[in-house]
Amino acid sequence: MGNYFFKPAPPPSLSEPWREINWGERQSALKSVQDYKPRIKGQHLRILLHGPVGAGKSSFINSVISVLEVKMRTLAVTESTSTDCCTKKYTTYKIQKGSPDAFYPLVLNDMSGVKNGTRRNRKIHVKDVTRLMKGHVKDGYTFNPECKISKDDQHYNTSPTVNDKVHVLVSVIDASKVSLMSHEVLEVMLDIREEAKELGIPHVAILTQIDQACPEIQKDIKNVYRSIKLREKMEQFSVNSGIPLNSIFPVKNYHDEIDLNGDVDSLILSALRSIINIGEDFLNRKNT
Ligand SMILES: Nc1nc2c(ncn2[C@@H]2O[C@H](COP(=O)(O)OP(=O)(O)OP(=O)(O)O)[C@@H](O)[C@H]2O)c(=O)[nH]1
Ligand SMILES: [Mg+2]
């Protein structure tokens, strides 16, 4: 009698994508972001990225800046090893629009990542994010895992304006690590979600590194919404985090490329447009 070892077949891809992306229409997608203007004059949309160490927060910022400035940009320093936390400072990134003194009316904020750490470190992280969301932290603040920003710190903003406050909170998660996320890190993410809810700030998620997580996406990024494996990861993250599936957006960041690619751009623009719409709704609700 022979041994019958069957290698399970990889799950099939869907014949029809479950979300539509206009792959050939990068220019019109870019134009719609270029045309974005907040209803209130002088207002900008502040987008805060947070999430586990090494998830791809800084890479997402570089990717968005590259797509909108139409050249590869690496302003936010990214991690080259998976062992050390790379971003330590709270940094605001503006995005140039045409000339050196013209900017898009949106800013992206980068911060240090969530680590397992001690219970105390994790609580401090949640408190820091809450203060960031309320606009109490100035650009350039260096995070200290041992204590939250003090009211006496030179980077503490005692009277934040609406432009200093965060208008959309974006959790950045590595798609290939959704099922490996520790209980501790997940707890921090849930606490931050609760704080955002208290403040009425909308919360969405970006699932990065989808090329690493799914071979069919690595082969062709246009398979993103045909991949059953990715859909399962998105559903799992939605259940774990409480973020609805329609507020979770997969992206592949630019990380080792030297040239932009139309399909990579299209997916980033699709996520960014959704983030802008959600943030703009929040701003309009606040100001009515
Ligand atoms: N293949 C692939 N690699 C990526 C992607 N996004 C990020 N990376 C890589 O993942 C690593 C971590 O990315 P970072 O952007 O530094 O992550 P981070 O969330 O800013 O990390 P911290 O600042 O340490 O919290 C880097 O080596 C990136 O090149 C992606 O979409 N695909
Ligand atoms: Mg970083």
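Which element gives the most to the shell around ligand 1? H2 does, with three residues. The legends below come back to this shell.

The structure is a predicted model, in which local features need pLDDT of at least 70, side-chain atom pairs count only at pLDDT 80 or more, and totals for chains, interfaces and linings use all residues. Residues are numbered from 1 along each chain as its sequence is written, chains are lettered from A and ligands numbered from 1 in the order in which they are written, and side-chain values use heavy atoms, with hydrogens and water left out.

**View 1. The shell around ligand 1.** Of the 20 residues around ligand 1, Lys57, Ser59, Glu79, Asp211 and Asn253 come nearest; a residue is near a molecule or strand if one of its heavy atoms lies within 4 Å of it. By type, the shell holds five nonpolar, 11 polar and four charged residues. Here Ala, Val, Leu, Ile, Met, Phe, Trp, Tyr, Cys and Pro count as nonpolar, Asp, Glu, Lys and Arg as charged, and the others, Gly among them, as polar.

**View 2. Polar contacts of ligand 1.** A polar contact is a pair of N or O atoms within 3.5 Å; within protein, one must be able to donate a hydrogen and the other to accept it, and residues adjacent in sequence count only if both atoms are side-chain atoms. A polar backbone atom of Ala55 is 3.2 Å from an oxygen atom of ligand 1. For Gly56, a backbone N or O atom lies 2.9 Å from an oxygen atom of the ligand. Lys57 takes part through a polar side-chain atom, 2.8 Å from an oxygen atom of ligand 1. Ligand 1 taken alone exposes 660 Å², and the protein buries 91% of that (accessible areas come from the Shrake-Rupley method with a 1.4 Å probe; for residues, only the protein chains shown count as cover). H2 and helix H5 (210-213) are the elements that give two or more residues to the shell. Helices (H or I, at least four residues) and strands (E, at least two) are DSSP runs, numbered from the N terminus.

**View 3. The magnesium ion (ligand 2).** Its protein donors are Ser58 (OG) and Thr87 (OG1), lying 2.1 Å from the ion. Donors are N, O and S atoms within 2.8 Å of the metal (3.2 Å for Na, K and Ca); water is not among the atoms, so sites may look incomplete. Ser58 sits in helix H2 (residues 57-69) and Thr87 in the loop between H2 and strand E2 (91-93), so the pair, 29 residues apart, links distant parts of the chain. Ser58 and Thr87 are both buried (buried means under 20% relative accessible area, exposed over 50%, partly exposed in between, with a 1.4 Å probe and protein chains only).

**View 4. Val251 and its contacts.** Val251 lies in the loop between E8 and helix H8 (262-287). Val251 counts as buried because its relative accessible area is 0%. Its C-alpha atom is separated by 6.1 Å from that of Leu207, 44 residues apart along the chain. Residues touched by Val251 include Phe60, Leu207, Gln209 and Leu267, not counting residues up to four places away in sequence; contact means heavy atoms within 4.5 Å.

**View 5. Two positive phi angles.** Most residues other than glycine have a negative phi. Val70, in the loop between H2 and E2, has a positive phi of about 55 degrees although it is not a glycine. Gln209, in the loop between strand E7 (203-208) and H5, also has a positive phi of about 55 degrees.
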